[in-house]
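Good morning. Please have the model open on your screens while I talk.

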Amino acid sequence: MNVANLQLEGLLMAVAAINHVLVKKGVLSVEEIDIALRKAEASETNEERSGGMSASSRDAVNFPIRLLELANQCQPEADIPSFSKLARMVGQMKEPYNDQM
């Protein structure tokens, strides 16, 4: 596996862990984190940003956001699932883009 991929995997899991702590300490709610992640995903999938991108490129851009959304849904009572489990869940929840019909 590419070292950069491993670094990104570690970074994503670190952000998920930080989000988990922020919720446990009452700094942010699960809903507030979810809204922020949904806004990030919406800004990355808008026509201006992704108009010339292939569906697979858009999936690549949105993968980390979707992984963090899933990790956030596990809060605050459960431990964060492993990266591989979250990645598998992202693949299962993926919906087609409007231009894939």
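First, the ground rules. This is a predicted model, in which local features need pLDDT of at least 70 and side-chain atom pairs count only at pLDDT 80 or more, while totals for chains, interfaces and linings use all residues. Residues are numbered from 1 along each chain as its sequence is written, and side-chain values use heavy atoms, with hydrogens and water left out.

How confident is the predictor? The score is pLDDT, the predictor's confidence in each residue, from 0 to 100. The mean pLDDT of the protein is 87, and 87% of its residues reach 70 or more. Where pLDDT is low, the predicted coordinates should not be read in detail.

Now the layout. Helices (H or I, at least four residues) and strands (E, at least two) are DSSP runs, numbered from the N terminus. The protein has 5 helices and 0 strands, and along the sequence the pattern reads α-α-α-α-α.

How much of the protein counts as buried? Buried means under 20% relative accessible area, exposed over 50%, and partly exposed in between, with a 1.4 Å probe and protein chains only. Of the 101 residues, 31% are buried. The accessible surface comes to about 6600 Å², and 57% of that belongs to carbon and sulfur atoms. These areas come from the Shrake-Rupley method with a 1.4 Å probe; for residues, only the protein chains shown count as cover.

A contact means heavy atoms within 4.5 Å. Among contacts between residues at least 6 apart in sequence, 65% join residues at least 24 apart.

Next, salt bridges. Side chains of opposite charge can pair when their charged atoms come close. The rule here is a side-chain nitrogen of Lys or Arg within 4 Å of a carboxyl oxygen of Asp or Glu. By this rule there are 3 salt bridges.

One of them pairs arginine 38 with aspartate 34, with the closest N and O atoms 2.7 Å apart. Both residues lie in helix H2 (residues 30–45), 4 residues apart, which is about one turn of the helix. Why does aspartate 34 count as buried? Its relative accessibility is 16%, and the limit for buried is under 20%.

Another salt bridge joins arginine 66 and glutamate 41, at 2.7 Å from N to O. This pair links distant parts of the chain: arginine 66 sits in helix H4 (residues 55–73) and glutamate 41 in helix H2, 25 residues apart. Arginine 66 counts as buried because its relative accessibility is 10%. Glutamate 41 is buried too, at 15%. Which residues does glutamate 41 touch, leaving aside its neighbours within four places in sequence? They are Asn62, Ile65, Arg66 and Glu69.

Arginine 66 also forms a salt bridge with aspartate 59, at 3.7 Å from N to O. Aspartate 59 is buried, with a relative accessible area of 16%. Through shared partners, the salt bridges join Glu41, Asp59 and Arg66 into one network.

On to the nonpolar core. The term covers a set of buried Ala, Val, Leu, Ile, Met, Phe, Trp, Tyr and Cys residues joined through side-chain atoms within 4.5 Å. The largest such core has 14 residues, of which Leu12, Leu37, Leu67, Leu68 and Leu86 touch the most other members. Helices H1, H2, H4 and H5 each supply at least two residues of this core, and H4 gives the most, with 5. Not counting residues up to four places away in sequence, leucine 37 touches Ile65, Leu68 and Glu69.

Now the aromatic rings. Rings of Phe, Tyr and Trp (its six-membered ring) pair if their centres lie within 6.5 Å; planes under 30 degrees apart count as stacked, over 60 as edge-to-face and the rest as tilted. The whole structure has 1 aromatic pair. Phenylalanine 63 and phenylalanine 83 form it edge-to-face, 6.1 Å centre to centre with 70 degrees between the planes. Phenylalanine 63 is in helix H4 and phenylalanine 83 in helix H5, 20 residues apart.

Last, a loop. Alanine 78 lies between H4 and helix H5 (83–93) and is partly exposed, with a relative accessible area of 30%. Its C-alpha atom is 9.6 Å from that of histidine 20, and the two residues are 58 apart along the chain.
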